[in-house]
Amino acid sequence: MAAAAYELLVLGGGSGGLAGARRAAELGARVALVEPYRLGGTCVNVGCVPKKVMWNAAVHMEFVHDHADYGFEMPSIKFNWRTIKEKRDAYVRRLNEIYENNLKKAQCDCRCRLHRSGNRGNPLHTGLQVIPADPPGQGSEDFRLHDQLELHPGTGEHRSGCLEAHTGMGMLFPSLLEKQGWGNTGILGHPWLCGVATVTCYKAKAVATFFSCGFYCSPQVKTVTKSPSGLLDVTVTSSMPGHKPTEEVIQDVDCLLWAVGREPNTQDLCLDRVGVQMDAKGHVVVDEYQNTTRRGVYAIGDVCGRALLTPVAIAAGRKLAHRLFEGKQDSRLDYHCIPTVVFSHPPIGTVGLTEDEAVAAYGRENVKIYSTSFNPLYHAVTQRKVKCVMKLVCAGKEEKPLSSSPKVVGLHMQGMGCDEILQGFAVAIKMGATKADLDNTVAIHPTSAEELVTLR
């Protein structure tokens, strides 16, 4: 293949790489993208997209429990795991094709492998494939790593499970697995999940209890051993916020699902040979403009190890393209106040500072917390009750006039619809909304969201 000269060479066709490549091409740059696997990266192939499809399936199962309360008499409902799996995989394949076509329309040269290197153009590293991390804990060396959940609950193959939710991804499975033929499922909530806001940690435990699941907050897996029956015994230490750690053995587990997260696939790129600095975990070190320690080499997305979210990678890639090829020297992503959702059941939404972070930044005397817990109107007629909890973190002295009202610096909630509610409030908080701004907004009734503009 003949060599070609490019102004931007993108390594990795994930969310950030695709967005940066297309935007640069739209701005007139000659762009090539190298992706040895499937286009779309973690998000499309093993992350956001297949996760949300499975989460939607679990939501359907949740609503099945409420049909009778709403007057619907239905015969027994059977769930076919293979049906949703095949539809999910087909949708992912369609997205792979869509991304390839989009690159062609933008006149980006997409290559399956890099044939030669040169000194011309700007390399943009977006992580290539982000690979599964190794499971921690004694006895974990016997575990196999998989990119997708390919189990078939309800077939008698598995009876009980233990899920180590190292990331938000791991929190979506309990209701789906438990309601499709699994027995008790233990959820080991990673410290990040429990640290988003104390209120959501206690709520997650309550929801886990409803689904016949055990919830272990901020756990450390000490050992995984075979029991006399041939099943697994998982020894964990855990602690709820403000409580002393406890140790417990989860006995006779058929299957341990370990949502261990991802690691950057940078070890074979020889970045150190060209002066690109990495941290101890292999993440590429960048400044606020996505510059690496080598001039003309940039990195965006999960490979940087910060705010590992698809919209973050997309925004960073586009901002960088505008800086490099449109002359907007101040174009960069502001990593402050990024909203995110954990698709648990019900979902967790969070943006801004936690209470502890606000106290550390502003002082306890200048932080005020508003919170509420209630049953959404949906559950007014259902036997099943799942509360919604909301917590507003405000900072600053409350003085008159109202323009001096405390600023909203954090919002944390869990409940039905909180995933969709968060986006709009995140805009307001990003713009510097005060508590008075929320108070002066007329509520939409009857909704759960209205609670946020009526908190006292």
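1. A residue counts as buried when its relative accessible area is under 20%. Glutamine 290 has a relative accessible area of 4%, so it is buried. Its place is in the loop between β13 and β14, and its phi is positive, near 70°, even though it is a residue other than glycine. Keep that cut-off in mind, as the points below come back to it.

2. Before going further: this is a predicted model. The mean pLDDT of the protein is 81, with 72% of the residues at 70 or more. Over residues 113-120 pLDDT stays under 50, and the model gives them seven contacts beyond four places in sequence. Residues 152-159 also stay under 50, with 18 such contacts. Where pLDDT is low, the predicted coordinates should not be read in detail.

3. Now the overall picture. The protein has 456 residues, and 49% of them count as buried. You'll find eleven helices and 19 strands. Of the contacts between residues at least 6 apart in sequence, 64% join residues at least 24 apart. The accessible surface is about 23,400 Å², and carbon and sulfur atoms account for 51% of that.

4. The loop between β13 (262-263) and β14 (298-299) also holds cysteine 270. Cysteine 270 isn't a glycine, yet it has a positive phi of about 55°. Is cysteine 270 buried or partly exposed? Its relative accessibility is 32%, so it counts as partly exposed.

5. Two cis peptide bonds are worth a look. One joins histidine 345 and proline 346, with omega at about -5°; proline 346 sits in the loop between β15 (340-342) and β16 (348-352). Another runs from histidine 445 to proline 446, with omega near -5°, and proline 446 is in the segment after α11 (435-439).

6. Tyrosine 70 lies in the loop between α3 (48-64) and α4 (81-105), and is partly exposed at 39% relative accessible area. Together with Phe72, Met74, Ile77 and Val381, Tyr70 makes a nonpolar surface patch of about 490 Å².

7. On to charges. Side chains of opposite charge can pair when their charged atoms come close. The structure holds 13 salt bridges. One of them pairs glutamate 7 with arginine 30, the closest N and O atoms being 3.7 Å apart. Glutamate 7 is in the segment before β1 (8-11) and arginine 30 in the loop between α1 (15-26) and β2 (31-34), so this pair links distant parts of the chain, 23 residues apart. Glutamate 7 is partly exposed at 28%, as is arginine 30 at 47%.

8. Aspartate 89 and arginine 88 form another salt bridge, with closest N and O atoms 3.0 Å apart; both residues are buried. Aspartate 334 pairs with lysine 430 at 2.9 Å. Why does this pair tie together separate parts of the sequence? Aspartate 334 is in the loop between α8 (310-325) and β15, while lysine 430 is in helix α10 (residues 418-430), so the two are 96 residues apart.

Terms used: Residues are numbered from 1 along each chain as its sequence is written. This is a predicted model: local features need pLDDT of at least 70, side-chain atom pairs count only at pLDDT 80 or more; totals for chains, interfaces and linings use all residues. Side-chain values use heavy atoms; hydrogens and water are left out. Patches are made of residues with over 30% relative accessible area and no salt bridge: like charges are joined within 9 Å, nonpolar side chains (Val, Leu, Ile, Met, Phe, Trp, Tyr) within 5 Å. Accessible areas come from the Shrake-Rupley method with a 1.4 Å probe; for residues, only the protein chains shown count as cover. A salt bridge is a side-chain nitrogen of Lys or Arg within 4 Å of a carboxyl oxygen of Asp or Glu. Helices (H or I, at least four residues) and strands (E, at least two) are DSSP runs, numbered from the N terminus. Buried means under 20% relative accessible area, exposed over 50%, partly exposed in between (1.4 Å probe, protein chains only). pLDDT is the predictor's confidence in each residue, from 0 to 100. Contact means heavy atoms within 4.5 Å.
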